[in-house]
Amino acid sequence: MNADGLFEATFWICLLGAPAALAGALAHFFSVARPGLERPARRFSLVAALLGGAATLADGVSLAFRWKETGHWPSQTLFEVIQFGTFVLLLCYWIVFGVLRLHAYRGALRGLTNLFLFTLLAGIAGTAVYVRGVVNRAPDTLPPALQSYWFPPHISALMVSYATLTIAYVACLVYFSFRFARGVFEGGVGRARMLAIGTFLFFPWFQAVVNVPVALVCVGVAAVLYRTGKGMGWLDGWMQGFDDFSFRIFAIGFPFLTAGFFMGAFWAQEAWATYWGWDSKEVSALITWLLYLLYLHLRFVAGWRGEKSMALLSIGGVSIFITFQLFGYLPESQNSLHKYTEGSDSAREGMLGSIQPETPALAPRSDQPAKND
Amino acid sequence: MTENPTSPTPPPPAAQAASWGWRSALLGILGFLLLGEGIASVARRLASGSAGVGVWGSAVVFLVSAGVFLGLHGPRLFAFFRSVRVGALTIALYAASSCLGVLVKQRDLYSPERAEDFYAKFAYAQTYFVYHLLRPFPFMMPRVEIPPRAEEGIEWRRERYGKGLAEAQRKSMLASLSSMEKEKEVAAWQEHYDPLLRKFFAFCEASDLTRVWKSDWFAALNALLFACVLSNAFRFGWRAWFTKRRFGFFVAHTGVVLLLLGCLLGRTLEKRGRVDLSTDPAHMRYPTESKWFRPFKDPTKPLEMPFTLRLEEFKAEYRTYLQAHFLDPEARRHAAVKPPEFLVRKGAEFPLDYDEHGDPRVRIRVKEVLPRCEVRPDPIPGGGPDASPVIAYEFEEHLPEGSEPHHHPGLHWILFPGHDDSIFSHPDHAYRIRAALVPDAAAMARVLGETVEETPGRLLVEVGEGEEAVREEGDARVGASLVARAAGDEPGEITARVLTYVPAFRFDRIERDPDTGRIRTEEDPEPIERRIPNNPALEVEIKSGETSEIRWVFANFDIDEIAGSQHRARWKIPGVRLRFRWDRWRSPVAARYVLLFREDGALFVGKAGEPDSVRQVRIGEPLSLGGEGSFTVTEAHRSVARLAADLRPLPAGEFFHRDAQAAVLEIEGPAGKETVSLAALPGFDEFVYDGRIGIRFLEGGAMPREWRSRLGCYDEKGERIDGGEIRVNDYLEVKGYRFFQENASAQDTTYSGIGVVFDPGIPLVLLGLYTIIAGAVYAFFVKPVLLRRGGAA
C-alpha cells in the first residue's frame, strides 16, 4: 500500500459514505413527520459515521505515507495540498462534532450533522475525481523557498481555519436553503431578500459545486415536510441555533486563521525580506481575514445577530473559495510569488521588485557610485 | 440556547453608535479620504519646490483653520474615530480597496513602466480574469484532441516507460493544448474589447486603481484605521484592560497599534535593494566585495552601507535525477520527446521497457545516494574500438594548517598520451605535464629535444558579417601582427597588433591612464611565467587606414557577446571581431615536463627541451618536480577499454565543497544484474545497459535544491567585524542591515545576488503581529474557559 493507493481508497470510502450520510440526513429530517423513521435514521447515521471515520483514517495514513515518501511536509504540489486539505476537513469535522457534542442532538438537528458529513464526503469524492483527471501526483524535491520551519505551521493553521470556517459556511448555507424553501412555500420573505438568497444558492459560479447540492437537498426536505402537513414553523426554533452554532465553529477557526495568516508574514520576512509585499495571495487572505473581522465587530459591537451576521459569515466563506480556487485567475496573480502549485518550476525566490543585473561594459565597473557615470 | 460564552466583549449599549448613522459615517469617511488626497497633493507640491505663493498661502490658511477646528470640535472628531459604525465601515472599505487591488492589475511597486507597456499587461490580465470568471467550470474550457502523431509518441512512451508516465504526458499535453486554445481566445477577446479596455485603463490610471497600495487615498484609509484602533484600544479605562473579559480586546487592539506604527516607521525609513557579488576575483561583471548596494527605487543611485560586504563563499546545489534513453532506431523517431526524469532517492525503483503483458523488462534501483564524493577514474583494461593508453596520477597537496585548499578540478585525473589537450597544470602554476607514447630511446630523445616556442596562443581576427566574413589567424605573441582584408570596401584592410599579454586580468583592478585613456593593468612583481593564468587576456591594437583602436580580448569568454550592444557601440572600427585561443602547453609557465610511455610499458619523465634530464618513473613513487604538493603516477595501461567511476564518499557536513554528487545503481534485466556507480561529472555520468539503454545520472533543473552564500562584513581597516551564512529563509543581520539570498544563475556559478534591507520598523511589526495572535488566542480559547470556571465558582 502506498500514498496513492490509500488516497484512492479514501475516494471509494467517501463514495460509499456520502449516500449513507444523505440517507441518514433525510431519514432524520422526515422522522419529524414519521417517528418510525427514527430507527433506520440512526442506523444510516452510524454507517455514515463509521465510513467517515474510515475515510479520515485512510486519508491520514495516506498523508503519512506521502510524508515518508517525499521526505518533507506534504503540502508542496497541488495533489499534496488537496490530500492534506481533505484530511484536515475530515479531522475538523470530528473536532467540531466532539466540541459541540453533535451526537447528542436528536431529530432534525441530528439530520443536519449527517447533512454536513454528506457535504464533506461528496465534496472529497468529487475532488478525488478531479485529482484523477488533471493533477500530476509525482512527488518533487522541496524548493529552497519552502524549506523553512514556517512551512508546516503556516499551511496547517490555514488549513484548519479554512476547514472549520468552511463548516461554518455550510451551516449558513443550510440555514439559507431552508429559509429560501420557506419563502417559496409559505411566503412571508421579501422579494429582494428572496432574490439575494436565491442568487447566493443557485448562481452557477465556482461556489455552486457546494451550494447547489446542499440547497437542493434542503429545499427537497422542506418540500416533503411541508407536504406532509408539518409546515415550516419548526424553522423558527432553528434560527437562533444556526447563528450560535456557526459562531462557535467560527470561534474555533478564526484564531487559527489569524495565526496562519500572520505566520505567513513571519515567514515572508525571513524569505523575501518583507513581511508584507501586497502579493495577490496575501491580499486575498487579508480580504478574508478582514471580512471575518468585520463579522466579529458587527456581531459584538454593533449587535448584529441572526440572518445579518450569517450573511456576513457566508461572504467570508465565499472569500475563502476565491482565495483558494479563483486565485490563479486574478489579474494580479500572474506574477504572484505564491504560485507553487501551478506546475511551474522556475525559481521564484526573488524579492518583489527585483531588478536585472546591469549591462556589463568593459568600462570601469560600477561598484562605487563615483565611477558609475 | 444560552448566552454565548465565547463572546470577546458583551454587546455594547446601543447609545454609543447613535451619533453616527451608517450613511453619515460613510460620508464622513469619504470626506476624510478626499481630504487625505488633497493634503498629499499639496504637500507634494510644497516638497518639490514648484509651489507658488498661492499654494503656500492656502496651506497656511488650511493649517490654521484645521487647528481651530480641532480646538473647537476635538471631542467630536474623537467620537467619530471611536464610533462603531465608522470602525466597521473602515474595515469594510479596507477590504473593498484590497479587492480593487487584486481585481485590477497593479503597477510594479518599484520599477515604473511606460503607460503603453503597462497597458499591454493590464489588458491581458483583465481579459484573462474575465474569461475565467465567465467559465467557472472545467467543461467550459476549450476542447482539444491530441494529434495522431503525438498519440503515437504517447503509445511508444507507454511501451518504454510505462502507463503512468504515458498518462502524465497525455495530461500535460492536453493541458498545454487547451491552454494554447484558451490563450488564442483570450487574445481574440482582448482585441475585440480593446476600446473598452482602454477606457477602463484610463479610468484606473486616473483614479490610482492601478497603484492602490501607493495611492494617497489608501494612505488616508490607513491613517483612519490607525485613528480608529488607537481611539478604541484604550477605552473603558485602564482598570478594565486587565479584567478577564476585556484583556483579549485590549491586547489584540494594542497589537494592531504596534503593527501600524511599525509599518509607518518602515515606510518612512526603509532602504531596500540588492548587491550583486561574485566569488571570482577576475569576474568581469561583479566584484567580490562592495560597500554599496543598488536600491530598487532608483538602481542608478547606489546607497552606502556602514561596512564592506564580501562574498566569501557561494554555492548552488541542484537536485540529481536519472534519465534513461533508448538507443534503438525506433527511439530516434521519438527523440523529440524528452525522456522522463526520475528523482534520485535511496531505494527508489524505476521500471522500464515494458513487454506485451505490461510488465517491465528492466528495473533500475537506487542502492546508495552519495551527496559528496571524490570521484577517481578507474581504468578498466581491455580492447575494443574506444580503447586507448591511459596514465592515472594523483596530486596531493600538503597544506600549511589553516590555509585554504585549492579548488582545482584536475587534481585526481588521467593523462592520455599523445592527446595535445591532455595536460596536468600545477595549481600554483609551478609546471605543466603532458604524456607521449614513444617506441624507443631515440624517439624519447627526439620528443624531449623539441624546443617549445613560448606564446600566449593564437589571435583570430574576423572582418565582416555572416557568409562574407573573412577570418585570419596568427600567433598572439606580444609584438606580432596580423593582416586581414575584408571583401568589401568597409572596413578594408585591417592590421591587428598584440600590445600586451596578461595571464590574470582583474576587472576590479582596472585603472585608466588619464592622458591616453588606455587601461593600465596592475603591476605584478611576479615574472609572467609564475602568474596563475586564470583569466588570460590580450591587449590588441587594430588599424584600419588612419583609424586605430585598442581592444582587450579574453580567452575564457567572448567579451563582444557577453558585453552586448552597449559595448560594441563604442567600437571605432565596426565589423571587426577578435578572438583569443590560449595555448595550454606553450603559454608562459615556469617548467614543462613530458611523461614518456614506452612500448614495453616502462615510464620516463623529462623536462621539455632538455633531452638529458630524462629519468625513469616508478608507479606509486612521488616525482620531485618543484612547487608545492607531489605528483605521483598511480597506474599506466597500454590499452584501456573504458573508465569507470571509483567513488570515495566524503563526509557531507561542509556545504561549500566542490565535490560531485553520486549514486550506486543496480540494474536488472534480460542481460543480467549490474551494479554501477555514476557521478554527476562529465565522463562518469552515463552507463549503457545491454547496449540499448543509456542511463544518465544528472545534476540540474530550473531551480537549485539549496543555495547559500557566506558573507563577511569588514570595517575600514579591513577587519572582519561580523559575518555568517545566508540561504533562502535564513538571513543575516548586521547593524540593522539584513542580507537575503536572493538571486543565482545556473550559467554563472560564482554569482550571488544578495538582497539588502534596512527597515527599523520590522521588530515593532513582528511584536504587533505576535501580540494580535496572543490577544486572539486569549479571547477565543482562554477566556471562555476562565469565564466558565468563574461562573461555576
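Some housekeeping before the structure. Residues are numbered from 1 along each chain as its sequence is written, and chains are lettered from A and ligands numbered from 1 in the order in which they are written. Because the model is predicted, local features need pLDDT of at least 70 and side-chain atom pairs count only at pLDDT 80 or more, while totals for chains, interfaces and linings use all residues.

For the complex, the predictor gives an ipTM of 0.87 and a pTM of 0.82.

Chain A, then. The chain has 10 helices and 0 strands, where helices (H or I, at least four residues) and strands (E, at least two) are DSSP runs numbered from the N terminus. Its pattern along the sequence reads α-α-α-α-α-α-α-α-α-α. Chain A has 373 residues, and 51% of them count as buried. Buried means 20 or more other C-beta atoms within 10 Å of the residue's own; exposed means 12 or fewer, partly exposed is in between, and C-beta atoms are placed from the backbone. Of the contacts in chain A with a separation of 6 or more, 80% join residues 24 or more positions apart; a contact is a pair of residues with C-beta atoms, placed from the backbone, within 7 Å.

Now the cores. A nonpolar core is a set of buried Ala, Val, Leu, Ile, Met, Phe, Trp, Tyr and Cys residues joined through C-beta atoms within 7 Å. The largest has 196 residues, and Leu121(A), Ile167(A), Ala171(A), Val174(A), Leu290(A) and Leu294(A) have the most contacts inside it. Helix H5 (residues 151-186) of chain A gives the most to this core, 22 residues. Another core lies apart from it, with 32 residues, including Val344(B) and Phe350(B).

What does Leu121(A) touch, leaving out residues up to four places away in sequence? Its partners are Cys14(A), Gly17(A), Ala18(A), Ala21(A), Gly52(A) and Ala55(A).

On to confidence in chain B. The mean pLDDT (the predictor's confidence in each residue, from 0 to 100) is 86, and 94% of the residues reach 70 or more. Over residues 1-18 of chain B the pLDDT is below 50, though this stretch has 30 contacts in the model beyond near neighbours in sequence. Where pLDDT is low, the predicted coordinates should not be read in detail.

Last, Gly237(B). This glycine sits in the loop between helix H8 (216-233) and helix H9 (238-241) of chain B. Why is Gly237(B) classed as exposed? Because Gly237(B) has 8 other C-beta atoms within 10 Å.

Key
Two residues are in contact if their C-beta atoms, placed from the backbone, lie within 7 Å.
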